[in-house]
Amino acid sequence: MPTPSATPPGSTPNTPNTPGTPGSSAPDARTRRARRSGPIRHHRRGLAALTALATLTVGCSALRAQDPDPARASAPAAPAAPPAAGTPAVQAAQGQAAPAQGAQLAQAQAAQAAQAALAAMPAARPQAAAGQELNGRLAAAEQQAGMQQVLAAARRWGLAALPLRPPAPPAVKPELADGPGVKRLPGLPPVVYRVPTSDKVVFLTVDDGAEKDPQFAAMAAELGVPMSAFLSDYLARSDYGYFRGLQAHGVTLDNHTLTHPDLRRLGPDALQHEICDQQDHLQQESGTRPHLFRPPYGEYTEAALRTAASCGVTAFPLWNEEAFPDHLEWRYADQEFHPGDIVLTHFRAPSGDWKGTMPDMLRRVVDAATAQGFAIARLEDYL
């Protein structure tokens, strides 16, 4: 007797269900999870897209703030219009199946709200460009005002022409090696007759300190003429306040001994007293210790160089020309300035050999330098 078949006649024999095959009678667990996670995955992708859109829009606004083109920087950003109700994007969002329709519709509404909020943000103003333009205009106005003041001062003090402005001080001071214009012994301060530079500058130096002319101080301050004062204490001590006033307007105060002796006649103790004690006096009176020393009469010895070096002196500047109120004395036959020349003059009142005033002397030096195309610079910027 045949064994009855477990499969009814006309039916397909049972086969084990293989996940994902067409013959499967029920979805397996992985398929069910995939179906459930579909709307979630779409929703997450939508949120990521919205975040990217907001980031991109904010980034573009930040770039507009740095846009160097004033036309682009100042133009307001065109607001991004939300999608119209009849566009494919909205129709697609409204035509989804029931399970995903609510989530995707909420996503579309959130995107529209984000775009509307971003569109409502004001365009970034080009504050950096506006600030730079304002600073530039202020600087130009200040420079013009300064030039007008110098021009007015030049006219008031009777100059033939507006003084030339010196170049910026050198980033590195010239090397003071032994050679033309410089004498140097190993380990001792250099003696400088002419500063080694190619700049068309000369340097004005004023010695002693006997005359304290307020008109000279006012003229130097108004014109902004740089100079170096080499002071002897026995002449300057009656009114160091006058020289501090010069210092406040850029004049440097340097050492010219206590009593103006001929250093060739002094022994070690006297050299120490004349040079180093004056270093101490000037530091007390001016607040700075000089590093330049001019020997009286331009005379010095190796012992004087060594003594000066021991108390902070780094150079002995001498001179090429000497200025008086009514003339200039030239050391060279061409009677012309040369780059780096040092001009000597003195704090003097009108007398037999000083035919004029301190302002007369300054006018003569400035006019002569300007006529030859030279500016007056500060000696300490180069030495």
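**Figure 1. Helices H6 and H11 are roughly parallel to each other.** Angles under 35 degrees count as roughly parallel, over 145 as roughly antiparallel, 65 to 115 as roughly perpendicular and the rest as oblique. In this predicted model, local features need pLDDT of at least 70 and side-chain atom pairs count only at pLDDT 80 or more, whereas totals for chains, interfaces and linings use all residues. Residues are numbered from 1 along each chain as its sequence is written, and side-chain values use heavy atoms, with hydrogens and water left out. The axes of H6 (residues 214–223) and H11 (residues 358–371) cross at roughly 30° and come within 8 Å. Such axes are lines fitted to C-alpha atoms, for helices over the stretch in contact, and angles run from 0 to 180 degrees between N-to-C directions. Helices (H or I, at least four residues) and strands (E, at least two) are DSSP runs, numbered from the N terminus. From H6, Gln 215, Phe 216, Met 219 and Ala 220 meet Met 358, Pro 359, Met 361, Leu 362 and Arg 363 of H11 (contact: heavy atoms within 4.5 Å). The residues of this contact divide into 7 nonpolar, 1 polar and 1 charged. Ala, Val, Leu, Ile, Met, Phe, Trp, Tyr, Cys and Pro count as nonpolar, Asp, Glu, Lys and Arg as charged, and the others, Gly among them, as polar.

**Figure 2. The buried residues of helix H8 line one face of the helix.** H8 spans residues 240–248, and its buried residues are Tyr 240, Tyr 242, Phe 243 and Leu 246. Seen down the axis of H8, they fall within an arc of 155°, so they line one face; the arc is that of the directions from the helix axis to the C-beta atoms. Buried means under 20% relative accessible area, exposed over 50%, and partly exposed in between (1.4 Å probe, protein chains only). Their cover includes H6, strand E4 (228–231), helix H7 (233–236), strand E5 (252–255) and H9. Just after H8, Gly 250 has a positive phi of about 100°.

Figure 3. In H10 (residues 302–310), Ala 304, Leu 305, Thr 307 and Ala 308 are buried. Among the elements covering them are strand E2 (191–192), helix H9 (268–286) and strand E6 (316–317).

**Figure 4. Cys 276 and Cys 311 form a disulfide.** A search of the whole structure finds 1 disulfide, defined as a pair of cysteine sulfur atoms within 2.5 Å. The sulfur atoms of Cys 276 and Cys 311 are 2.2 Å apart, and the link is left-handed, with -80° about the S-S bond. Cys 276 lies in helix H9 and Cys 311 in the loop between H10 and E6, so the pair links distant parts of the chain, 35 residues apart. Cys 276 counts as buried at 4% relative accessibility, and Cys 311 counts as buried at 8%.

**Figure 5. Asp 208 is buried in strand E3.** The strand covers residues 201–208, and the relative accessible area of Asp 208 is 8%. The C-alpha atoms of Asp 208 and Leu 235 are separated by 6.5 Å, although these residues are 27 apart along the chain. Not counting residues up to four places away in sequence, Asp 208 touches Phe 230, Leu 231, Ser 232, Leu 235, Ala 236, His 256, His 260, His 346, Phe 347 and Arg 348.
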